[in-house]
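I opened this entry to keep track of what I looked up, one item at a time. Here is the structure I had on screen.

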Amino acid sequence: MVTADTLDPFAPTTLGPVTLRNRVIKAATSEGRSPKGLVTDDLIDFHRRYVDGGVGMTTLAYCCVAPEGASAPGQILMSDKAIPGLTKFTETMHAGGAAVSAQLGHAGAVATKQLTGRTSMTPSRFFNISNLQYCREISRGEINRVIDQFGDAADVAVRSGFDAVELHFGHLYLPSSFLSPWMNKRTDDYGGSIDKRSRFVREIAQRVREVVGKKIAVIAKISMDDGIKGSIWLTESLRTAQLLDQDANLDAIELTQGSSVAKQMFLFRGDIPLSEFAAVMPQPMKLGIKLFGKKMMGEYPYQDMYMLESAKQFVPIMRNTKLILLGGLTNYDHLVTGLREGFDYLAMGRALLRENDLLKRMQDDHSVASKCNHCNKCMVTVFSKTHCVLDPDQRYRSKPDAPSYAARSTEQASAG
């Protein structure tokens, strides 16, 4: 039954065993503030600004479940060594009144040999056009190992005080690549029909739930479609979501689009900052971006709530799992619309990056709207520290901690 609280984005709610002060989640966006792969005070301060700005939960972006699962330099590896810093991180967010989630991922094809020292793994042998590297086929034994690595990473999250984990099943990272017929040509139980291609993500979710029990919430981020011909599209992603819902191992699913392998702008929409990308890239990538960047990344005009029409298809099939709406939520009416359409939580990225206190001001005055103009120049700042280039306070306090972030994936920029 729809009530005043269910249509109030700022009313308290629950996510599995977790109580949230409101329904708005800071989406996972690359931070670039852990150059040694460990939590820093700078990283804590970055997220504390969103907490002070009023979010119900903030998401620590892309924590690797294994060293070979890194997609960029300086990402946090979920290990015992990281627990002291992660604990300080969660305690700080809790002190500010917000819950906190850790996004867990394995990069698969998005990783590079220069970064990890190993040839990247994909469901089948695959050539990644975005980094010009071949990926080898993952073995059955390695599939089982990755499933256990997700479980071990979730255990680290529990011991570090996180309220939730977000399993990154999107953007053609390793779990997502199994869902794509473009990348998955296997003939065993992990390939073929969408039910078989969904087996890997289902087993990861099951393993994580076994590890965490009801101590924390478990979220999965899945791609509804990725803009690539012959890859993931709604007809099959709906089935994957239905299977995950039937398993009842997840508390919520966050719906996304796009990939990190090709057509990256399908996730972001709006302007393509080609000259800015070219400026930070070495040759021959610099020349390639100038000549072929628009074709490779894709051109997609921005519009408010651009994922809503696709995401609405998932509402009727959910029985056990709540849904998180992402994509172009920039004002109070958008938040209410998302709730009215049947979504339980709202995720925001670029709008909050532009104005960390947007939610607090929006709650006080419903006419307040985001100043983000979707120039997408924040995408390029992931090569140093992610920030909005239009905010002088962020721009001039955000200096690189490492000499090179040129391997960082464009998908790791701010989404939403």
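I started with residues 10–246 of this predicted model, where the chain is 36% helix and 20% strand.

Next I looked at a helix pair. H4 (residues 140–159) packs against H7 (residues 199–212) at an angle of about 35°, and the axes lie 8 Å apart. I noted the crossing of H4 and H7 as right-handed. On the H4 side I listed contact residues including Ile143, Ile147, Phe150 and Ala154; on the H7 side, Phe200, Ile204 and Val208 are among them. By class, the residues of this contact split into eleven nonpolar, one polar and six charged.

Then I turned to the core. Which residues have the most contacts inside the largest nonpolar core? I found Met78, Leu104 and Leu167, in a core of 132 residues. H4 supplies the largest share of this core, with eight residues.

My last stop was Ala102, which sits in strand S5 (residues 99–105). Is Ala102 buried or exposed? I logged Ala102 as buried, because its relative accessible area is 0%. Leaving out neighbours within four places, Ala102 touches Leu60, Cys63, Met78, Phe162, Ala164, Val165 and Glu166. I also took one distance: Ala102 and Tyr345 are 243 residues apart in sequence and 17 Å apart in space, C-alpha to C-alpha.

Key:
Residues are numbered from 1 along each chain as its sequence is written. This is a predicted model: local features need pLDDT of at least 70, side-chain atom pairs count only at pLDDT 80 or more; totals for chains, interfaces and linings use all residues. Side-chain values use heavy atoms; hydrogens and water are left out. Helices (H or I, at least four residues) and strands (E, at least two) are DSSP runs, numbered from the N terminus. Axes are lines fitted to C-alpha atoms, for helices over the stretch in contact, and angles run from 0 to 180 degrees between N-to-C directions. A crossing is left-handed if the near helix is turned anticlockwise from the far one by less than a right angle, and right-handed if clockwise. Contact means heavy atoms within 4.5 Å. Ala, Val, Leu, Ile, Met, Phe, Trp, Tyr, Cys and Pro count as nonpolar, Asp, Glu, Lys and Arg as charged, and the others, Gly among them, as polar. A nonpolar core is a set of buried Ala, Val, Leu, Ile, Met, Phe, Trp, Tyr and Cys residues joined through side-chain atoms within 4.5 Å. Buried means under 20% relative accessible area, exposed over 50%, partly exposed in between (1.4 Å probe, protein chains only).
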